[in-house]
Amino acid sequence: MNNINLEIKKNSYSQIFKIIQKNGPIERREIESISGLSWGTISTATVDMIDMKYIESYKEKANGRGRNHVPRKVPGYLLSSGRSRRPPSGAEARGKRAWR
C-alpha cells in the first residue's frame, strides 16, 4: 500500500474512532450518516479496531424480530481521566496481568 492510501486509511480510522468516542455506543449506519464515509470503509475499520481492542461491540438485549444492531463503543480504559491509554496486550486481554 502506498503512502497516500495509508494516509487516507489513517484519517478514516481516526475520524471513525472520534465519532465513536463522542457518540458511542453508536451503530455503523449512524457513523456512516455522520462521517459521510462508505459502509464498507466503516465496516472494515470497525472490525480492525475491534481486533486491536480500540473499540468494542456493545450488545443490547434483543427486542423484536430481525437482526439486532450491534453498536460500537470505546472501552472504559480508553476514556478514563481524559487520556488515551493503550489497549490491553494479549495477556491482559485474556484477563491475566502482563505487568510486574
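Okay, let's start with one side chain: a polar atom on T46 sits 3.1 Å from the backbone oxygen of S43. Keep in mind that this is a predicted model. T46 belongs to helix α3, residues 39–51. Is T46 buried or exposed? It's buried, with a relative accessible area of 0%. And what does it touch, once you leave aside neighbours within four places in sequence? You get I16, I20, R28, I55 and R72.

Two of those names, I16 and I20, come up again in helix α1, where they're among the buried residues, along with S12, Y13, F17 and I19. Looking down the axis of α1, the buried residues fall within an arc of 160 degrees, so they line one face of the helix. Turned away from that buried side, you've got the exposed ones: N3, I4, K10, K18 and K22.

A bit more on α1. It runs over residues 3–23, and at 1.5 Å a residue its 21 residues should span 30 Å; the end C-alpha atoms are 30 Å apart, which agrees. At the start of the helix, a side-chain oxygen of N2 comes within 3.2 Å of the backbone nitrogen of I4.

Methods
Residues are numbered from 1 along each chain as its sequence is written. This is a predicted model: local features need pLDDT of at least 70, side-chain atom pairs count only at pLDDT 80 or more; totals for chains, interfaces and linings use all residues. Side-chain values use heavy atoms; hydrogens and water are left out. Helices (H or I, at least four residues) and strands (E, at least two) are DSSP runs, numbered from the N terminus. Buried means under 20% relative accessible area, exposed over 50%, partly exposed in between (1.4 Å probe, protein chains only). A polar contact is a pair of N or O atoms within 3.5 Å; within protein, one must be able to donate a hydrogen and the other to accept it, and residues adjacent in sequence count only if both atoms are side-chain atoms. Contact means heavy atoms within 4.5 Å. The expected span of a helix is 1.5 Å times one less than its number of residues. The arc is that of the directions from the helix axis to the C-beta atoms.
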